[in-house]
Amino acid sequence: MVQYSNAHLDASFAALADVTRRGVLEQLGRAEASITDLAEKFDMTLTGMKKHVGLLEEAGLVITEKVGRVRTCRIGARRLEEVAAWIERYHRLWDARFCELDKVVEELKRKEKQDGSKKAK
Amino acid sequence: MEARKQSEPVMKRTTVQRKSDREVVVTRTFDAPARLVFEAWSRPELFKQWWVPKSMGMTLRSCEMDVRTGGKYRLNFGDGMDFFGRYIEVTPPSRIVWTNEEGGENGSVTTVTFEEKAGQTLLVMSELYPSKEALDAAGTGAADATHETFAQLDELLATLA
């Protein structure tokens with residue numbers, strides 16, 4: 001199994017457990033933005049937005065860089081990939097199971113229909 | 001022209017959400033009444049047909065299930081690999097709750113509910129772990145994670161929303 005740091009994953013999931021921070025990620029997925037831009041967009045104080053971005057940065061989901069007086073934020077893709085990979089592995093297993101379960105259920109349904117029409121005669 | 005009469009298509013999409021640090025929830029809709037989905041989940045000879053899809057690369061050697069409140073189950077995959085536990089609550093055809101005890105203290109509790117609506121069944125399965133570490137470490141036994149692309153961001157955010 002692929003090894004990855006659980007502590008990183010914890011931080012990532014915690015960071016993602018907030019609607020504003022998910023919004024910020026979505027926004028940064030489209031284009032990088034300054035903290036001021038983000039604060040305006042999410043109708044929030046600069047301090048509030050700095051806090052959210054700080055948590056995302058700690059979780060490795062966002063990278064920030066200060067150029068002059070502006071701090072620019074962009075997506076930190078690697079960590080997000082870890083989170084996505086965890087969900088993806090889980091998803092793949094259950095999706096495969098449920099596709100098979102579908103077949104079993106369809107077969108039950110078919111049999112029931114057959115029995116039902118026999119009884120009707 | 002031929003008049004087309006079609007029933008509503010079923011959304012057969014499997015969703016996975018991390019509800020909290022300790023809980024993951026999977027949903028899926030089936031185009032069948034709840035009693036049939038419940039039957040496929042609770043009769044060992046049917047359960048065996050779907051629980052171990054080919055992509056898992058494993059073979060289920062034996063499967064004992066006593067799907068009643070207080071009943072036990074044991075799945076054996078050979079090489080001493082066993083999954084076992086107890087059914088804490090079984091309410092046909094709407095709910096099954098069981099423990100996963102092979103992990104010892106890190107064992108999880110799984111709840112699956114079958115909710116029927118207009119002949120279709122919404123299946124909701126929740127796995128609750130004793131700690132977030134246990135959940136993060138939970139192995140699915142599925143294939144190794146392949147390199148994920150950034151395009152998954154949208155999908156991920158959608159499932160977490």
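Helix H1 (residues 34-42) of chain B lies across strand S2 (23-30), strand S6 (95-99), S7 and S8 of chain B, and its direction makes about 155° with that of S7(B). Helices (H or I, at least four residues) and strands (E, at least two) are DSSP runs, numbered from the N terminus. Axes are lines fitted to C-alpha atoms, for helices over the stretch in contact, and angles run from 0 to 180 degrees between N-to-C directions. Two residues are in contact if their C-beta atoms, placed from the backbone, lie within 7 Å.

This is a predicted model, in which local features need pLDDT of at least 70 and side-chain atom pairs count only at pLDDT 80 or more, while totals for chains, interfaces and linings use all residues. Residues are numbered from 1 along each chain as its sequence is written, and chains are lettered from A and ligands numbered from 1 in the order in which they are written.

The sheet of chain B comes next. It is an open sheet of 8 strands with antiparallel pairing, in the order S1-S2-S8-S7-S6-S5-S4-S3. Strand S1 (15-18) and strand S3 (62-65) of chain B are at the edges and have a single partner strand each, so one side of each has no neighbour in the sheet. From one strand to the next, the twist averages 20°. Two strands pair if DSSP finds at least two bridges between them. Strands of a sheet pair through backbone hydrogen bonds, either parallel or antiparallel.

Strand S7 (residues 109-117) and strand S8 (residues 120-128) of chain B are joined by 9 bridges in the antiparallel sense. Thr111(B) has Ser126(B) in S8(B) as its bridge partner. Val112(B) is in strand S7 of chain B. From Val112(B) to Ser126(B) the separation is 14 residues in sequence and 6.4 Å in space, C-alpha to C-alpha. Leaving aside neighbours within four places in sequence, Val112(B) is in contact with Trp41(B), Ile96(B), Leu123(B) and Met125(B). Is Val112(B) buried, partly exposed or exposed? Val112(B) counts as partly exposed because it has 18 C-beta neighbours inside 10 Å. A residue is buried if 20 or more other C-beta atoms lie within 10 Å of its own, exposed if 12 or fewer, and partly exposed in between, with C-beta atoms placed from the backbone.

Chain A contains 5 helices and 3 strands, and along the sequence they follow the pattern α-α-β-α-α-β-β-α. Of the 121 residues in chain A, 31% are buried. Among contacts in chain A between residues at least 6 apart in sequence, 54% join residues at least 24 apart.

The 3 strands of chain A form an open sheet in the order S1-S3-S2, with antiparallel pairing. Strand S1 (33-34) and strand S2 (62-67) of chain A are the edge strands, and each pairs on one side only. S2(A) is joined by 6 bridges to strand S3 (residues 70-75) of chain A, and the two run antiparallel. S1(A) and S3(A) also run antiparallel, joined by 2 bridges. Cys73(A) in S3(A) stands opposite Thr64(A) and also opposite Ala33(A). Val67(A) stands opposite Val70(A) in S3(A). S2(A) and S3(A) form a hairpin with 2 residues between them, and Gly68(A) in the turn has a positive phi of about 65°.

Two helices of chain A touch this sheet. Helix H2 (residues 19-30) of chain A lies across S1, S2 and S3 of chain A, at about 90° to S3(A). Helix H4 (residues 46-58) of chain A packs on the sheet, where it touches S2 and S3 of chain A, and its direction makes about 120° with that of S2(A). The axes of H2(A) and H4(A) come within 10 Å and cross at roughly 75°. That makes H2(A) roughly perpendicular to H4(A), given that angles under 35 degrees count as roughly parallel, over 145 as roughly antiparallel, 65 to 115 as roughly perpendicular and the rest as oblique. On H2(A) the contact is made by Thr20(A), Arg21(A), Val24(A) and Leu25(A), and on H4(A) by His52(A), Val53(A), Leu55(A) and Leu56(A).

pLDDT is the predictor's confidence in each residue, from 0 to 100. Helix H4 (residues 152-160) of chain B has the lowest mean pLDDT (46) among the elements of chain B, and S6(B) has the highest (97).
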